[in-house]
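This report describes selected features of a single protein chain. The sequence and structure come first, and the discussion follows.

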Amino acid sequence: MTPLPTPLSAPFSVATRRRRWLELAVLFGLLPGLISLGPRWILLVVIMTGGAVCLALLLADPSFDRRQLWNSDGLQGGWRGLLLRAGFVGGGLLIVAWWSRGGSGLFYLPRQRPLVWLGVVVLYPLFSVYPQELMYRTFFFHRYGRLFARPETLIAVNGLLFGWSHIIVHHRVAILLASVGGWLFAWTYQRSRSTALVALEHGLYGDFIFSVGIAGMFVNGVRLMSRLFK
């Protein structure tokens with residue numbers, strides 16, 4: 001896989017670094033905590049609005065390489081490894097579902113509400129996953145990547161902040177799983193610089209979560225889809 005070159009490799013000035021750190025702390029640290037105090041239905045609104053704002057800022061930035069929004073080279077070079085990781089992650093999520101819900105709860109949604117399940121697995125990657133990846137990978141890496149001396153540190157911090165963003169669902173296991181997932185997504189994006197590839201990986205894991213029966217840890221989307229498909 002040949003990733004796109006990282007633009008603007010020159011270091012920030014001291015004043016710019018301070019402003020970017022403050023900005024990062026407010027947007028990715030303080031703001032999720034404040035949102036978690038509000039109603040849970042606001043989650044999708046925040047995700048879609050945040051994704052749209054980050055996309056607009058990226059497109060308005062002449063230093064941003066727009067190829068990173070898709071990057072077919074990164075997508076083609078990374079899909080095999082993605083499928084291999086997805087197999088391991090899927091097995092782990094299946095164990096979590098068995099531990100948390102027992103055998104009778106496994107694959108509850110596709111078994112009991114197949115239309116709801118189909119609607120979720122199709123719409124979730126489009127309206128939730130891609131906006132999240134625009135915010136937490138494409139925008140985050142472009143705007144704040146040069147704050148970190150080592151890519152490993154950038155990946156670790158990004159994963160932890162992605163996990164922290166799930167404070168809105170008020171579920172400790174969800175925050176832990178999201179932190180691990182965020183680390184994987186950050187690693188994928190660091191190697192590929194392809195928003196499409198990392199969104200595909202995120203979407204696969206998310207759809208598997210909905211399928212095996214532990215989606216209640218993360219969102220109210222299943223309840224919304226249930227009302228739509230009554």
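How many salt bridges does the count come to? The count comes to five salt bridges, where a salt bridge is a side-chain nitrogen of Lys or Arg within 4 Å of a carboxyl oxygen of Asp or Glu. This is a predicted model, in which local features need pLDDT of at least 70 and side-chain atom pairs count only at pLDDT 80 or more, while totals for chains, interfaces and linings use all residues. Residues are numbered from 1 along each chain as its sequence is written, and side-chain values use heavy atoms, with hydrogens and water left out.

**Salt bridges**

| Pair | Closest N and O atoms |
|---|---|
| Glu23 and Arg143 | 2.5 Å |
| Glu133 and Arg137 | 2.7 Å |

Glu23 forms a salt bridge with Arg143. This pair links distant parts of the chain, with Glu23 in helix H1 and Arg143 in helix H5, 120 residues apart. Helices are DSSP runs (H or I, at least four residues) numbered from the N terminus. Glu23 has a relative accessible area of 23% and is therefore partly exposed; Arg143, at 25%, is also partly exposed. The classes are buried (under 20% relative accessible area), exposed (over 50%) and partly exposed (in between), with a 1.4 Å probe and protein chains only. Accessible areas come from the Shrake-Rupley method with a 1.4 Å probe, and for residues only the protein chains shown count as cover.

Glu133 and Arg137 are both buried. They are separated by about one helical turn because they lie four residues apart in helix H5.

**The largest pocket**

The largest pocket has a volume of about 930 Å³. Of the 43 residues that line this pocket, the closest to its centre are Gln132, Tyr136, Phe162, Ser165 and His166. A pocket is defined on a 1 Å grid over the protein atoms alone, as an open set of points where a 1.4 Å probe fits, with protein on both sides within 12 Å along at least five of seven lines; lining residues have an atom within 4 Å of a point. Grid points are joined across faces, edges and corners, and the volume is the space filled by probe spheres set on the points.

At least two lining residues are supplied by each of H1, H2 (42–60), H3 (72–101), H5 (114–144), H6 (151–165), H7 (172–192) and H8 (195–212). H2 gives the largest share, eight residues. By class, the lining has 33 nonpolar, 10 polar and no charged residues.

**Surface features**

Leu22, Val26, Leu27, Leu30, Leu31, Leu34 and Leu37 make a nonpolar surface patch of about 660 Å². Such patches are made of residues with over 30% relative accessible area and no salt bridge, with nonpolar side chains (Val, Leu, Ile, Met, Phe, Trp, Tyr) joined within 5 Å. Val26 belongs to helix H1 (residues 14–35) and is partly exposed at 37% relative accessibility.

Pro62 is located in the loop between H2 and H3 and, at 81% relative accessibility, counts as exposed. Ala156 lies in helix H6 and counts as partly exposed at 33% relative accessibility.

Methods. Patches are made of residues with over 30% relative accessible area and no salt bridge: like charges are joined within 9 Å, nonpolar side chains (Val, Leu, Ile, Met, Phe, Trp, Tyr) within 5 Å. Ala, Val, Leu, Ile, Met, Phe, Trp, Tyr, Cys and Pro count as nonpolar, Asp, Glu, Lys and Arg as charged, and the others, Gly among them, as polar.
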